[in-house]
Amino acid sequence: MALAEAGGESWIRAGDPADQHQLLLTACATAGFTPRVRHDAVDWYAVAALVAHGFGICLVPRLAPVPERCPVVRVPLRGEPFPVRRFLAAVRRGSERQPPIARGLAALRAAAGEREAKGV
């Protein structure tokens with residue numbers, strides 16, 4: 001489903017207001033609409049309950065938990081624009097060469113490279 005197809009829906013603003021709300025606004029604006037936000041919830045289980053009871057739809061990160069028995073469906077977004085998040089690894093100056101930190105940074109770079117190669 002393309003994000004623009006959901007423009008007429010009622011929305012649930014979810015997750016951490018510091019980043020999720022901005023992601024929702026930016027993604028929807030890029031898709032050509034402003035979301036009609038009807039409810040707010042920070043906890044992903046509360047979001048799933050609101051969706052299950054027909055109060056709206058929500059952008060949910062892939063890793064966000066959804067209760068197994070909750071009657072909701074994740075619908076992957078397709079096409080452009082596709083909402084994304086950018087991650088930043090911050091370490092103290094010079095510490096990036098310490099073996100545990102270097103291995104952690106290498107693992108993050110490898111995971112990011114794999115996701116980019118898959119187009120995710």
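Is Arg13 buried, exposed or partly exposed? In this predicted model, Arg13 is partly exposed, because its relative accessible area of 27% falls between the limits of 20% and 50%.

**View 1. The salt bridge between Asp40 and Arg13.** The side chains of Asp40 and Arg13 meet in a salt bridge, with an N to O distance of 2.3 Å. Side chains of opposite charge can pair when their charged atoms come close.

**View 2. The salt bridge between Arg97 and Glu96.** A search of the whole structure finds 2 salt bridges, and one of them joins the side chains of Arg97 and Glu96 at 3.1 Å, N to O. Arg97 counts as exposed, at 63% relative accessibility, whereas Glu96 counts as partly exposed, at 32%.

**View 3. The buried face of helix H2.** The buried residues of H2 are Trp44, Val47, Ala48 and Leu50. Seen down the axis of H2, these residues fall within an arc of 160°, so they line one face of the helix. The elements against which the buried residues of H2 pack are S1, H1 and S2.

View 4. At the N-terminal end, Asp43 caps H2, with a side-chain oxygen placed 2.9 Å from the backbone nitrogen of Tyr45. After the helix comes Gly54, whose phi is positive, near 80°.

**View 5. Gln20 in helix H1.** Gln20 is found in helix H1, which covers residues 20-31, and with a relative accessible area of 4% this residue is buried. Gln20 and Val42 lie 22 residues apart in sequence, while their C-alpha atoms are 9.6 Å apart in space.

View 6. Met1, Val73 and Val75 together make a nonpolar surface patch of about 290 Å². Of these residues, Val75 is found in the loop between helix H2 (44-52) and helix H3 (99-118).

How values were computed:
Residues are numbered from 1 along each chain as its sequence is written. This is a predicted model: local features need pLDDT of at least 70, side-chain atom pairs count only at pLDDT 80 or more; totals for chains, interfaces and linings use all residues. Side-chain values use heavy atoms; hydrogens and water are left out. Patches are made of residues with over 30% relative accessible area and no salt bridge: like charges are joined within 9 Å, nonpolar side chains (Val, Leu, Ile, Met, Phe, Trp, Tyr) within 5 Å. Accessible areas come from the Shrake-Rupley method with a 1.4 Å probe; for residues, only the protein chains shown count as cover. A salt bridge is a side-chain nitrogen of Lys or Arg within 4 Å of a carboxyl oxygen of Asp or Glu. Helices (H or I, at least four residues) and strands (E, at least two) are DSSP runs, numbered from the N terminus. Buried means under 20% relative accessible area, exposed over 50%, partly exposed in between (1.4 Å probe, protein chains only). The arc is that of the directions from the helix axis to the C-beta atoms. Contact means heavy atoms within 4.5 Å. A polar contact is a pair of N or O atoms within 3.5 Å; within protein, one must be able to donate a hydrogen and the other to accept it, and residues adjacent in sequence count only if both atoms are side-chain atoms.
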